[in-house]
Amino acid sequence: MLHFSKLTAAATFAIGSLLIGAANAETVLRSSDTHPDGYPTVEAVKYMGDLIKQRTAGRYSIEVYHSAQLGEEKDTIEQTQAGVIDLDRVSMGPFNGIVPETAVPSLPYMFRSVEHMRHVMDGAVGDQILKAFEAHDLVGLAFYDSGARSFYNTKKDITSMADMKGMKFRVIQSDVFVDMVNALGANATPMAYGEVYSALQTGVIDGAENNWPSFESAKHYEVAKHYTMDEHQIVPEVLVMSKASWDKLSPEDQAIVRQAAKDSVVKMRELWDAQEKKSRGIVEAAGVKVSEIDKQPLIDAMKPVYDKYLSKPELKDLAARIQAEK
Ligand code: GTR
């Protein structure tokens with residue numbers, strides 16, 4: 001039998017360790033991403049987690065749940081708003097119906113180039129859009145790259161807008177995307193990312209649209225062999241935090257999280273530039289035919305889409321400020 005004083009000593013020790021443990025407790029922030037491990041967005045958030053861990057002396061870290069383990073983008077946004085998920089890295093697309101400001105950078109041909117997008121999102125317009133998330137139980141932390149999105153399909157080479165007529169394209173669950181495809185004379189099918197591969201394979205859709213790294217990593221190129229360089233959208237990715245999780249942080253820790261997110265953007269861009277080249281190489285080597293297309297008719301066809309989404313003066317002003325930036 002254990003002697004009483006020994007028991008007390010053991011108990012005191014156990015309580016002591018618990019207290020010390022509590023003081024140093026590591027809070028692991030859960031972050032969602034639809035992309036697989038190794039994808040630039042996943043790696044950038046892991047890098048941000050390393051920075052936070054260093055800068056909080058281990059009190060906070062991030063665990064990235066990649067490959068849609070926590071759900072598809074539309075659902076993870078709701079869960080992040082509800083405080084079930086701490087951080088969410090998603091395209092701006094699924095936010096279009098929630099945060100109206102996000103519709104503006106999502107408009108087709110809004111940015112002239114990836115450089116233009118980076119410059120705008122790093123400046124006052126980007127800050128204004130990040131702030132806009134706060135009215136929706138979220139804190140906007142950073143924008144990542146997503147290159148340019150282009151159409152691809154299982155049927156034929158598309159070299160003019162007329163070739164798209166009547167074809168069925170999967171789009172992100174956003175009215176901006178739906179209206180864009182319909183304005184091109186094709187038919188839009190909004191669908192979760194994870195369902196696209198089998199929808200292409202079974203012929204439920206004829207095609208979809210995305211950047212090189214997504215086209216490659218989601219393996220859509222295995223079934224859709226025709227890619228058209230129309231580069232219709234340069235939609236930034238966004239990293240948001242649940243307002244509920246944010247409010248649990250001290251102001252000092254909030255500043256650390258914000259800065260780490262900003263620092264991860266630099267890392268993300270390096271990874272992105274390398275991945276774009278690599279992914280394009282992989283899909284071309286696998287026999288994907290890349291077609292050029294005259295973009296002007298597509299740009300002209302977007303007039304009604306612009307009119308619809310820029311009907312409010314403040315959004316029209318945001319668009320004008322984006323276009324005025326060099
Ligand atoms: C990718 C983006 C994802 C997801 C996907 C999609 O380019 O990085 O977040 O939105 O597109 O088409 O659903």
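Which helix gives the largest share of the lining of the second largest pocket? The model shown in every figure is predicted.

**Figure 1. The second largest pocket and its lining.** The largest share of this lining, 3 residues, comes from H13. Helix H13 covers residues 303-309, and helix H12 covers 296-301; each of them supplies at least two residues of the lining. The residues that line the second largest pocket are Pro 108, Tyr 109, Ile 299, Asp 300, Met 302, Lys 303, Tyr 306, Asp 307, Leu 310 and Lys 316. By class, they divide into 6 nonpolar and 4 charged residues, with no polar ones. The space in the second largest pocket is about 190 Å³.

**Figure 2. The largest pocket.** This pocket has a volume of about 330 Å³. Its lining is made of 20 residues, and those closest to the centre of the pocket are Val 114, Ala 148, Glu 231, Ile 234 and Lys 295. Among the elements, helix H11 (residues 251-285) gives the most to the lining of the largest pocket, namely 3 residues. In this lining, 9 residues are nonpolar, 5 are polar and 6 are charged.

**Figure 3. The largest cavity, where the ligand sits.** The structure holds 1 cavity of 30 Å³ or more. The space in the largest cavity is about 200 Å³. Of the 20 residues that line the largest cavity, Glu 73, Ser 91, Arg 170, Ile 172 and Tyr 193 lie nearest its centre. Helix H3 (73-81) supplies at least two residues of the lining of the largest cavity, and so does strand S3 (87-91). The classes in this lining are 5 nonpolar, 8 polar and 7 charged residues.

**Figure 4. The shell of residues around the ligand.** The ligand is surrounded by 14 residues. The closest of these are His 35, Glu 73, Arg 170, Asn 210 and Glu 237. Sorted by class, the shell around the ligand has 7 polar, 5 charged and 2 nonpolar residues. Two residues of this view, Glu 73 and Arg 170, are also among those nearest the centre of the largest cavity.

Figure 5. On its own, the ligand has 320 Å² of accessible area, and the protein covers 99% of it.

Definitions and conventions: Residues numbered from 1 in each chain as written. Predicted model: local features only at pLDDT ≥ 70, side-chain atom pairs only at ≥ 80, totals over all residues. Heavy atoms only, no water. Near = heavy atom within 4 Å. Areas by Shrake-Rupley, 256 points an atom, 1.4 Å probe, with all protein chains shown as cover. 1 Å grid on protein atoms, 1.4 Å probe; cavity = no way out; pocket = protein on both sides within 12 Å on 5 of 7 lines; lining within 4 Å. Sits in = over half its atoms within 2 Å of the grid points. Nonpolar A, V, L, I, M, F, W, Y, C, P; charged D, E, K, R; others polar. Points joined across faces, edges and corners; volume = space filled by probe spheres on them. Helix = DSSP H or I, 4+ residues; strand = E, 2+ residues; numbered from the N terminus.
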